[in-house]
Each structure stands twice: as structure tokens, then as C-alpha cells.
Amino acid sequence: QVQLVESGGGLVQAGGSLRLSCVASRLTFSAYGMAWFRQAPGKEREFVASVTRDGSSTHYADSAKGRFAISRDNAKNTVYLQMNSLKPEDTAIYYCARERIGVPGKYDYWGQGTQVTVSS
């Protein structure tokens, strides 16, 4: 069974930074696009950023553009989300997800999430 384990969340003041990591196991990591999503209390889960299999292309939600950066290290089976200039509205549980092969934009495995709380 595929495992995705996120880490790096925490409590940070507005304007601060965090780097999330997601370590994948039991899969050929370099064969899959990966993404980060988030879910705030009382809201639906939303897309944050994605990266292609080889890391050559990335895509961001408007809310993340210019502040967040997704990257990956295929040698370490890890995808990262660098978050800068954090705002209170970034408070959410952040999840990494594996993209289905051949079905862009669809995701079939999810991690358990890591909590990010941004105080004002």
C-alpha cells in the first residue's frame, strides 16, 4: 500500500515561513506527479500546488502564487512545499497527494495531513 507522510507543519506568525515535506513509500515515486492540497475548518479541500514527475513543471493556485514553491527530490522520494509570507488565511491541514497516471488533475492517494496555523 502506498504511503504518503507529511511533516513540517506548526504554528507560525503572519509573515513567517514553513517548509512542508511529504515522504512517499511503496511506489515508484518518479513515475507520478505530486501535489499539495489544504483544508481549512468548515471549508472544502482545495488545490495548492502541483509538480510533474521530473519536477520540470509546476502549477499553483492563485492564492499560492508568488508565496509558495513546490519542489521534489526523486532520489529521496520527497515532495516539498516552501511557504513564505504566510497569512492567517493559510491556516489549514495540508495534504500531499499522488496524481493518477494518465489522468492529469486526479489524485488517488493522500497523506494524513499536517496542521499549519498562522497567527495574526
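**Figure 1. Sequence separation of contacts in the predicted model of the chain.** In this predicted model, 53% of the contacts between residues at least 6 apart in sequence join residues that are at least 24 apart. The chain has 11 strands and 0 helices, and from the N terminus on its elements run β-β-β-β-β-β-β-β-β-β-β. Taken along the principal axes, the box filled by the C-alpha atoms is roughly 40 × 25 × 25 Å. For 120 residues a compact globule would have a radius of gyration near 14 Å, and the chain, with 13 Å, agrees with this.

Figure 2. Of the 120 residues, 42% count as buried, while the accessible surface of the chain comes to about 6300 Å², 46% of which belongs to carbon and sulfur atoms.

**Figure 3. The largest nonpolar core and the surroundings of V79.** In soluble globular proteins, nonpolar side chains tend to be buried together. The largest nonpolar core of this chain has 29 residues, and those with the most contacts inside it are W36, V79, L81, M83 and Y94. Two or more residues each come from strand 3 (18-25), strand 4 (34-39), strand 5 (46-51), strand 7 (68-73), strand 8 (78-83), strand 9 (92-99) and strand 11 (114-119), and strand 3 gives the most, with 4 residues. When residues up to four places away in sequence are not counted, V79 touches L20, S21, C22, F29, M34, W36, V51, I70, S71, R72 and C96.

Figure 4. I70 is found in strand 7 and counts as buried, because its relative accessibility is 6% and the limit for burial is under 20%. Residues up to four places away in sequence again set aside, I70 touches M34, A35, W36, A49, S50, V51, T58, Y60, V79, Y80 and L81. G16 lies 54 residues from I70 along the chain, and the C-alpha atoms of the two are separated by 17 Å.

Figure 5. S50 lies in strand 5 and is buried, with a relative accessible area of 15%. Beyond the residues up to four places away in sequence, S50 touches M34, A35, S57, T58, H59, I70 and Y107.

**Figure 6. V2 in the segment before strand 1.** V2 is found in the segment that precedes strand 1 (3-7), and at 14% relative accessibility V2 counts as buried. With its neighbours within four places in sequence left aside, V2 is in contact with S25, R26, L27, R98 and Y109. G105 is 103 residues from V2 in sequence, and the C-alpha to C-alpha separation of the two in space is 19 Å.

Figure 7. V12 lies in strand 2 (residues 10-13) and is buried, with a relative accessible area of 13%. Apart from neighbours within four places in sequence, V12 is in contact with S17, L18, L86, T117, V118 and S119. F37 is 25 residues from V12 along the chain, and their C-alpha atoms are separated by 19 Å.

Figure 8. Most residues other than glycine have a negative phi. R26, a residue other than glycine, has a positive phi near 65°; R26 is found in the loop between strand 3 and strand 4 and is exposed, with a relative accessible area of 59%. Although exposed, R26 is one of the residues in contact with V2, which counts as buried. S85, likewise not a glycine, has a positive phi of about 50°. The place of S85 is in the loop between strand 8 and strand 9, where S85 is partly exposed, with a relative accessible area of 41%.

Technical notes
Residues are numbered from 1 along each chain as its sequence is written. This is a predicted model: local features need pLDDT of at least 70, side-chain atom pairs count only at pLDDT 80 or more; totals for chains, interfaces and linings use all residues. Side-chain values use heavy atoms; hydrogens and water are left out. The radius of gyration is taken over C-alpha atoms; the globule rule is 2.2 Å times the number of residues to the power 0.38. Buried means under 20% relative accessible area, exposed over 50%, partly exposed in between (1.4 Å probe, protein chains only). Contact means heavy atoms within 4.5 Å. Accessible areas come from the Shrake-Rupley method with a 1.4 Å probe; for residues, only the protein chains shown count as cover. A nonpolar core is a set of buried Ala, Val, Leu, Ile, Met, Phe, Trp, Tyr and Cys residues joined through side-chain atoms within 4.5 Å.
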